[in-house]
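Hello,

Here is the structure for you to look at. My notes on its salt bridges follow below it.

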Amino acid sequence: MDVDFNGDVACFEAELLQIPEVSPSALKSNPDVARKMFDQWLSLPETASVVKSLLNNAKAGVPLNVTGTSSSPKAASSNSLPSMFPAGSAPPLSPRSSSGSPRFVRQRVGPSTLGSPLKLVNEPVKELIPQFYFQNGRPPPNEIKERCLFRINQFFYGHLDGLQIHEFKLVTKEICKLPSFISSALFRRIDIECMGFVTRDAFVDYWVNGNMLTKDIATQIFTILKQPDLKYLTQDDFKPVLRELLATHPGLEFLQSTPEFQDRYAETVVYRIFYYVNRLGNGHLTLRELKRGNLIAAMQHADEEEDINKVLRYFSYEHFYVIYCKFWELDTDHDFLIDKENLIRYGNHALTYRIVDRIFSQVPRKFTSTIEGKMGYEDFVYFILSEEDKSAEPSLEYWFKCIDLDGNGILTRNEMQFFYEEQLHRMECMAQEPVLFEDILCQIVDMIGPENDKYFTLSDLKGSKLSGSFFNILFNLNKFMAFETRDPFLIRQERENPNLTEWDRFAHREYIRLSMEEDAEDASNGSGDVWDESLEAPF
């Protein structure tokens with residue numbers, strides 16, 4: 001057997017060559033002696049068979065059992081390399097401590113850096129991370145899926161041709177757990193071919209196999225209402241929902257004889273939804289905005305409550321009545337448009353000319369009206385909600401833009417004084433004791449507590465509960481004077497009903513006033529049951 005050996009013999013260790021008779025220090029100091037001993041060891045007949053056996057085992061992947069590493073005596077004797085000395089003739093080694101023995105100090109631990117095929121590598125265990133993102137929604141667990149399919153089979157039993165739209169409402173309510181007035185929108189979303197019925201298989205394919213079952217209710221309604229090629233909701237997407245609400249809700253049955261007011265009610269509800277929920281104000285209501293708002297809770301409340309006027313968020317008919325009547329009072333020529341002179345009469349001439357000019361300059365919001373210098377009904381809805389509930393964030397943003405003359409995001413002393421000057425002049429004309437701007441500015445700083453006393457930011461106003469009074473001081477004289485002479489009875493009422501907003505209280509007062517005026521007008525006409533289209537009032 002020819003064996004090539006290239007390397008520094010001085011690096012051989014006595015333990016590996018099994019030469020206990022020669023000390024390692026002697027080998028290192030006499031490399032020629034070590035080379036001769038190694039050559040002599042290679043010439044032994046036992047060496048060739050042992051080397052061949054080790055090579056074969058290495059190729060086969062059998063782990064090596066080197067002397068001193070195996071706990072089995074048999075294994076140690078069979079795999080030990082042949083010694084140059086006869087058995088029993090070698091003198092014993094001097095005893096060594098385990099800490100100083102080269103057997104322990106020089107023992108290599110861990111895989112070799114030479115990439116030898118003889119090394120043993122413990123592959124790390126790969127941790128299996130479960131899938132956490134599903135593009136089309138998380139598939140339902142088998143238990144929930146089977147339970148849902150059982151319920152579906154119950155509702156579709158005996159309807160081999162499927163369910164028609166009037167029969168589908170129970171499926172929407174009981175299986176999908178959605179408001180019942182979403183039923184027609186869901187029906188048409190499944191019946192894409194307009195067959196007039198929805199089969200069991202079509203419903204299972206959309207609701208169960210489409211993973212709608214595991215989505216939250218906001219995502220379900222968003223997916224049902226939006227157009228397939230869009231990622232947001234528009235005002236038109238809510239029209240089928242409002243149509244079904246008007247057709248089925250017991251609190252709105254009286255409107256069925258007046259379809260023109262059904263349309264106005266639906267429009268007002270949609271405008272209110274986008275005013276509060278669509279925070280970007282771009283007419284594109286996203287899923288994130290829908291989840292952050294309270295629209296879903298209001299829809300569920302409207303579905304459960306028979307008295308629609310108790311659903312104060314968005315759907316109250318009394319709130320619509322107040323908004324529409326206020327608009328009708330200002331729109332003297334009833335062309336469904338109002339101008340500056342009309343708006344200046346709002347609230348018994350409560351607003352200043354300067355703030356009305358800013359509104360019609362379309363700084364806070366661009367008008368939907370295409371006629372220059374005219375405000376449409378939707379624009380008025382945004383105005384009245386902002387004017388009567390200055391504690392709401394959309395209102396604060398609306399009026400902040402009006403006061404911010406240079407649009408730099410801060411309200412300075414000069415900008416506030418520009419609007420307060422007209423207030424001061426009006427107080428003088430009304431023979432009231434004027435309050436100088438320097439005094440009112442100190443009061444405003446104490447009320448709001450801005451981070452910087454030299455100017456006010458939108459975040460300063462959003463962090464204060466008296467932000468509404470801040471704007472009333474600048475451009476609404478009636479509310480400013482009411483704030484200066486606050487009625488303790490009204491303050492106590494507000495504390496007793498903290499869940500009511502300023503808009504809720506205003507709408508309640510105005511509805512009572514308007515209904516009393518209408519009753520008095522009906523009594524003067526001699527009949528309260530006859531509908532007279534010649535009357536200016538819409539109801």
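The model has 26 salt bridges, each being a side-chain nitrogen of Lys or Arg within 4 Å of a carboxyl oxygen of Asp or Glu. The model is predicted, so local features need pLDDT of at least 70 and side-chain atom pairs count only at pLDDT 80 or more, while totals for chains, interfaces and linings use all residues. Residues are numbered from 1 along each chain as its sequence is written, and side-chain values use heavy atoms, with hydrogens and water left out.

One network of salt bridges links Lys326, Glu329, Glu510, Arg513 and Glu517. Helices here are DSSP runs of H or I, at least four residues, numbered from the N terminus.

Arg513 also forms a salt bridge with Glu517, at 2.6 Å, N to O. These two are about one helical turn apart because they lie four residues from each other in helix H28.

Is Lys326 buried or exposed? Lys326 counts as buried because its relative accessibility is 10%; buried means under 20% relative accessible area, exposed over 50%, and partly exposed in between (1.4 Å probe, protein chains only). Lys326 sits in helix H16 (residues 317-330). Beyond its neighbours within four places in sequence, Lys326 has contacts (heavy atoms within 4.5 Å) with residues including Tyr346, Phe380 and Glu510. Glu329, by comparison, is partly exposed at 37%.

Regards
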